[in-house]
Amino acid sequence: MTLFRALAIAGTRLFFGRIEVEGRVPPDGPLLLVSNHTNGLVDGLMIAAAVGRRVSLTAKSTLKKNPLLALIMWLADVVPFYRRQDAVDMRKNTDSLVEIRKRLREGGAICIFPEGVSHSDASMREFRSGAARVALDAKGLGLRIVPVGLHYEAKQRFRSAALVRFGEPLDVDAFDRDAHALTLELERRVAALATQFRSVREALWLRWVAELLASRGEDPRPLDRDERAWAPRARLLAELRDDYEHADRERVAAVVRELRAYRRELRRYGVAPGEVYLSLHPLQALFFTIRELELLVIGGVIAAIGAVQHGLAFLADRLLTKKLSVDLDHWASNAIFYGFAIFPLVWLAGLAIVKMLTNWRWTLLYALAIPFTLVYTILWSDRIARAIRRARTFFTFVLHRDVQRDLQGRGRGLMDAIESERRHGRRTPEGGRS
Amino acid sequence: LPRAEAIVTALLVVICALFALRAPAAAPLHFGMLVAFAVIVALARQRNWPNGWRAFAIVAVLMTLYSTIAEPAFVAMGGSRDALLAMIDRALLAGRDPALLAERFATTRNVELFSVVYGFFIPYLWLSILLGCIGRPDAERNPFLLGLAITYSIAYLGYLFVPARGPIEHYHFAHALHGGRVYAIVLRSVAGTGGNHGAFPSLHVGASAYLCLFDLRWNPLRGMTYVPLVLLISVSTILLRYHYLIDVLCGLGLAVAASLIVRRAEG
């Protein structure tokens, strides 16, 4: 495992609460990975971490202006691309293409984002032909292209979920030397893996629908078994988007209005959609209290040590990320990449202080505890936050039982209406579109 | 669950057979326990009682045996095997005794601190059993009980066939241990469960490590919470002179083996 891959795994696993990977990539031989691009430099890290082999990333040349990114690009063995809009010498792209060809000939794997830019649009941007031309240039080498779809639950949110979907590999030798046709084919395949929406608004309410249906109107699982699987939700979202294509828009609009009102009501009471059906049974509440109080008290000791060791680094990373992030698709990138510098600096400072105040034994113990307390503190904070939210929901419902009954009734009504619209749309050959 | 029941039944049969042959005074009690357990298990199966009852029977037998097999084991085996364990310890540390090496760290403050750690095993064990047997679905409860039955049963075989009282009685230490209130509570608790016995292997280490490994799989945050405790318990058993180094190592090995067996049994 390369140092970069280790950093990619550490960075993505610590930032995202859950990362799921679907599909596999060929373990050897020349390989080109083409992916959608919605989360800045994190997209490259996600792919490098998910692929079980060394992957060379490609990136715009201007990133090298930042010394920290230049160091990471060097570690990642990045091949730079020189873009017209960056006002750089584009003739250097010839060297980049030679380098890519060399790496592919050596059986390496290259990752390209054919959209050319990271964005927060509801759907993919038009693919540029660079990836197809690189692939066709390597014809005869046995090159395979794997389309990749990257999904994020909320790409800028710390501890949210992410999904990496690898599609079926394409054999480049089976294609004619038509870069335009291959570009369209790649775009089609990546689009099939990365759910596309017409607008951000559409994406938002379809996510609400997926969240509502995922609750299934059942008592939420205990927090220690709450897997929060994102892949099924992402699949459901894709199904909903397809169903919406065939739905009667006017009828759906009425359901969406009701859904908005329902969400407003949930926000008013501070209740998550999945917790509307929370059981108020005293025995379940007792077990919840035992389980979470145990973690709060005993785990709190370790988390307190973690807060001392990493608190300053978290704070500095957050402040710097907030200051430097101009848009959503660079928030996670900034948090992770600045974290690579901030955390080790804070750790070194901590070790120096401990060494000054104590002896080498305590310093060694402090150093050994760093990775454990880092992971623990993140998991603990995440869990305690969810426990507090669930406890708050429980007390809200205990104090206002009629509110829970009302929300449950409206939630079930919405689920029935949504399922009915989906069935109606599927039954109508031309769709129910009016 | 049937596998956990079978393991406990097999353990009781071995105990009854050994005591019937070598320590007859203790045989009736254990024979009665075997019969009672068999009856409860049969009734639970026949009448389809909730699994919680069967879990309760298994845990009750395992916890009761800790005290009841203590002294009869020394009678059955004709004395203690402390000398053998001390010899293995010396071999492990190239001629030096871990228990005597640990003596210089046994300050009053350390003794008290590690008594807290040592004593914490009891709430950890019972809370884990409570959460493991009642607060889980069958798919998790059954492997939990199977692993617990394996850990305790193998440890009890060690208690039976390699009976030992631990370094606290085997060595002549330069100074007796001095602690505070918590150490006094630990001493009273040990005396209350039959005195110094059951050194090999360390169930403090074996059981806590098994519970931790189980949680690391099913409930990782809880598992991680207790990793430091398991490590500290391992140190405390040596510092407080209850176990030899080989007891601790075998306890850890036992926990790992039980976890692997459970994983394999689950397929």
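Author: Contact here means heavy atoms within 4.5 Å. In this predicted model, 16 residues of chain A and 18 residues of chain B take part in the contact.

Reader: How much area is buried between chain A and chain B?

Author: About 1500 Å² is buried between the two chains, with carbon and sulfur atoms giving 72%. On the side of chain A, Arg225(A), Phe287(A) and Glu294(A) lose the most area to chain B, together 35% of what that side buries.

Reader: What makes the meeting of Glu294(A) and Arg222(B) a salt bridge?

Author: The cut-off from side-chain nitrogen to carboxyl oxygen is 4 Å. The side chains of Glu294(A) and Arg222(B) meet at 2.6 Å, N to O, so the pair qualifies. The count between chain A and chain B is one salt bridge. Polar contact across this interface is found for four residue pairs.

Reader: Which helices of chain A supply at least two residues each to the side that touches chain B?

Author: They are H10 (282-324) and H12 (360-399) of chain A. H10(A) gives the largest share, eight residues. By class, this side of chain A has 10 nonpolar, one polar and five charged residues.

Reader: Why is Cys250(B) called partly exposed, and why does Cys111(A) count as buried?

Author: Buried means under 20% relative accessible area, and exposed means over 50%. Cys250(B) has 27% relative accessibility, so it counts as partly exposed. Cys111(A) has 0%, so Cys111(A) counts as buried.

Conventions. Residues are numbered from 1 along each chain as its sequence is written. Chains are lettered from A and ligands numbered from 1 in the order in which they are written. This is a predicted model: local features need pLDDT of at least 70, side-chain atom pairs count only at pLDDT 80 or more; totals for chains, interfaces and linings use all residues. Side-chain values use heavy atoms; hydrogens and water are left out. Buried area is the accessible area (1.4 Å probe) that two parts lose on being put together, summed over both. A polar contact is a pair of N or O atoms within 3.5 Å; within protein, one must be able to donate a hydrogen and the other to accept it, and residues adjacent in sequence count only if both atoms are side-chain atoms. Helices (H or I, at least four residues) and strands (E, at least two) are DSSP runs, numbered from the N terminus. Ala, Val, Leu, Ile, Met, Phe, Trp, Tyr, Cys and Pro count as nonpolar, Asp, Glu, Lys and Arg as charged, and the others, Gly among them, as polar. Buried means under 20% relative accessible area, exposed over 50%, partly exposed in between (1.4 Å probe, protein chains only).
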